[in-house]
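Thanks for making the time this morning.

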Amino acid sequence: MEKILLRMLTAGCVATVPFLFRGKRRENFLIFFAKGVLATLIDAYVVGTNKIAYPVRPFPKIFKTNIIYDVLFFPLLSVLWVKMTERDRLGMKLLKSLVFSVPMSFGQWFFEKNSKLFKWKKWSPLHTFASVNFTLFTIRGFFGLIRYLDKKETWR
């Protein structure tokens, strides 16, 4: 069952790529790759310190983390979130971050209890909530910096 869920997640992510990468492709790719790097680093630390384990994952002999989450799912969510919050003030960004972090926390809790996708050792839904919000706002800050540098034209 877990492999089917991972395949469905991968297919869903691949299907959304053409829709999410419309428009400002350079910015979208920067957000996508920056979030992929950030998620991979955080996940490698969390798995390395035995807070979470991924019993069922792609390429288990190569990766201890679930690369579908780190380099596909979370980066695509970040691209979507940055697009959704592009013109919002901080209060609205906070509310919109809840649209991502609350379902993600609940979903991880549900799948940890009912599947072998996650095994929490020293982790909880609160940790997921905090880490999702931290990475969303970190990437949003990175995107703001890119925008600022573009306006200053020191980037080019």
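Predicted model: local features only at pLDDT ≥ 70, side-chain atom pairs only at ≥ 80, totals over all residues.

Asn 28 has its place in helix H2, which covers residues 25–48; helices here are DSSP runs of H or I with at least four residues, and strands are runs of E with at least two, numbered from the N terminus. With a relative accessible area of 4%, Asn 28 is buried, where buried means under 20% relative accessible area, exposed means over 50%, and partly exposed lies in between, using a 1.4 Å probe and protein chains only. Not counting residues up to four places away in sequence, Asn 28 touches Leu 20, Phe 21, Arg 22, Val 79 and Lys 83, contact meaning heavy atoms within 4.5 Å.

Residues are numbered from 1 along each chain as its sequence is written, and side-chain values use heavy atoms, with hydrogens and water left out.

Now to the helix pair. The axes of H1, residues 2–20, and H3, residues 67–84, come within 10 Å and cross at roughly 35°; these axes are lines fitted to C-alpha atoms over the stretch in contact, with angles running from 0 to 180 degrees between N-to-C directions. Among the residues making this contact are Leu 20 of H1 and Val 79 and Lys 83 of H3. The contact residues divide into 13 nonpolar, two polar and one charged, with Ala, Val, Leu, Ile, Met, Phe, Trp, Tyr, Cys and Pro counted as nonpolar, Asp, Glu, Lys and Arg as charged, and the others, Gly among them, as polar.

Staying with H3, 13 of its 18 residues are buried, so this helix is largely enclosed by the rest of the structure. Where does H3 have its kink? The kink, of about 30°, lies at Phe 73, shortly before the proline Pro 75, the bend at a residue being the angle between axes fitted to the seven residues ending there and the seven starting there.

Finally, two residues of H4. Ser 97 is found in this helix, residues 90–114, and is buried at a relative accessible area of 2%; leaving aside neighbours within four places in sequence, Ser 97 is in contact with Trp 81, Asn 133, Leu 136 and Phe 137. Trp 109 also lies in H4, but counts as partly exposed at 36% relative accessibility, and, not counting residues up to four places away in sequence, Trp 109 touches Trp 120 and Pro 125.
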